[in-house]
Amino acid sequence: MAIYLDNAATTRMRPEALAAFVAQAQAAGNPSSTHSAGQDARFAVESGRVEVALSLGADPAEVIFTGGGTESINIAIKGLYWAAVARDRTRNVIVAPEGEHHATLESLEWLEQAQGAEVVWVPVDRDARVSPEAVAAILAERAGEVAVVTLMLANNEVGTVQPVAEVAAIAREAGVPVHVDAVSAYGQLPIDFRRLGVSALSVSAHKIGGPVGVGALVVHRSVSISPLVHGGGQERRIHSGTVNTAGIAAFAAAAAAMHAELEAEAGRLRTLRDELIAGISAVVPQAIVTGDRGVDPSAPGRLPGNVHVVLPGCEGDSIVFLLDREGFLASNGSACTAGVAQPSHVLRAMGFSEQDSRSGLRITLGHDTSASDIHRLIDVLPGVYAAALDAGMAAREPQTF
Ligand SMILES: Cc1ncc(COP(=O)(O)O)c(C=O)c1O
């Protein structure tokens, strides 16, 4: 069986999540119905809410179930923006670092093009990290115009953890709400909604061994969000529509299992990650390890399961294809538009050249990754790199027909 090393894209479903999904999917009952089957479904949803809240350091009443990470992010950014503009029409500025996930990028671009927002992009450093001082400088000048600050807890491509609590403290002081996209950090880092001090936080079940198509938006009690979808008023009117009971039961089972083992598992993954980074650097000395290298112990660090390198001179796509042939499933980390590989916008924001930004390889470890998987990958990588270099050069040579 192929070795799965693309856990940042999605994880294999945990057995307890699958069992919970099947059990709940077999029961009839809409949680909004008053009969006993409806109330049984309501009980499953509310127990799930408690479990998910526990895994995020939030109150159950603050957890809004959604259809996944992208939806949570859209609801948060657009909903916070609309609520701010409704109170004061001049509050139309949104502050965000470069290198965010497409769910954020596209939402912001749409708000700019269709809704009259102005987005202020904050540059990131060579590790993809935003500086709280840069956010503070923007807010010092324009706090009265800012509707929302949004940023990731950790970069999904290069794994750099952002100083979210510091940014949130600065924004709170300026009276500006903060949304955090915690999708890639969930299941990798302990998350404490209260300690982070943010207004809203997005997560997704399929990154922690739960099903695709269910997620959560944690919304602080004091925060008002204008809804995207109107209907039956479920989920504090923020996410109307019949509640996904089976998905939530499975999400909750995954969250409970993840939360119970998080500390030990993060330690195990950190050891594997560091061994893999050292191994790649030894067998492919041309590889450039991107993101946080742990050089500054006071920096917030890198996701335990993330390894990302630039392999100069070859296309990330070729590496992924050649690794797949050897039985390893990894990612180039950047988006593909209609089958055409694009340079990674994250690497570009970090200062890599356009060519190097096409040469990323992301390897993301998960609960079923073993030390022998890592050793086998290190063994095949030099041969794969040599073959990808050949393919890369061939692709750039003029075609003769
Ligand atoms: C940082 C980040 N945000 C948002 C998303 C989107 O989440 P979903 O796939 O649940 O829509 C992802 C998924 O890759 C992600 O890594």
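Which residue in E6 is the bridge partner of threonine 150? In the predicted model described here, that partner is histidine 179. The pair belongs to the contact between strand E5 and strand E6 (residues 178–181), which run parallel and are joined by 4 bridges.

Together with helix H6 (residues 164–173), strands E5 and E6 make a β-α-β unit, which is right-handed.

At the level of the whole chain, the protein is divided into two parts: domain 1 comprises 3–8 + 262–396, and domain 2 comprises 15–256. Taken over C-alpha atoms, the centres of domain 1 and domain 2 are separated by 28 Å. Contact between the domains involves 24 residues of domain 1 and 23 residues of domain 2. On the side of domain 1 that touches domain 2, at least two residues are supplied by each of helix H8 (245–283), strand E10 (306–310) and helix H10 (345–349). Of these elements, H10 gives the most, with 3 residues. The composition of this side of domain 1, by class, is 10 nonpolar, 11 polar and 3 charged residues.

The ligand is surrounded by 14 residues, of which the closest are Gly68, Gly69, Thr70, Asn156 and Ser204. Helix H3 (residues 69–87) contributes the largest share of this shell, namely 3 residues. Divided by class, the shell around the ligand contains 9 polar, 4 nonpolar and 1 charged residues.

Glycine 38 was examined individually. This residue lies in helix H2, which covers residues 36–56. Glycine 38 counts as partly exposed because 16 C-beta neighbours are found inside 10 Å, whereas a buried residue would require 20 or more. When neighbours within four places in sequence are left aside, the contacts of glycine 38 are Gly29, Asn30, Pro31, Ser32 and Ser33. Alanine 264 is 226 residues apart from glycine 38 along the chain, and the C-alpha atoms of the two residues are separated by 38 Å.

Definitions and conventions:
Residues are numbered from 1 along each chain as its sequence is written. This is a predicted model: local features need pLDDT of at least 70, side-chain atom pairs count only at pLDDT 80 or more; totals for chains, interfaces and linings use all residues. Two strands pair if DSSP finds at least two bridges between them. A crossover is right-handed if, with the strands pointing away from the viewer, the path from the first strand over the helix to the second runs clockwise. A residue is near a molecule or strand if its C-beta atom, placed from the backbone, lies within 6 Å of it. Ala, Val, Leu, Ile, Met, Phe, Trp, Tyr, Cys and Pro count as nonpolar, Asp, Glu, Lys and Arg as charged, and the others, Gly among them, as polar. Domain bounds come from an automatic or database domain assignment. Two residues are in contact if their C-beta atoms, placed from the backbone, lie within 7 Å. A residue is buried if 20 or more other C-beta atoms lie within 10 Å of its own, exposed if 12 or fewer, and partly exposed in between; C-beta atoms are placed from the backbone.
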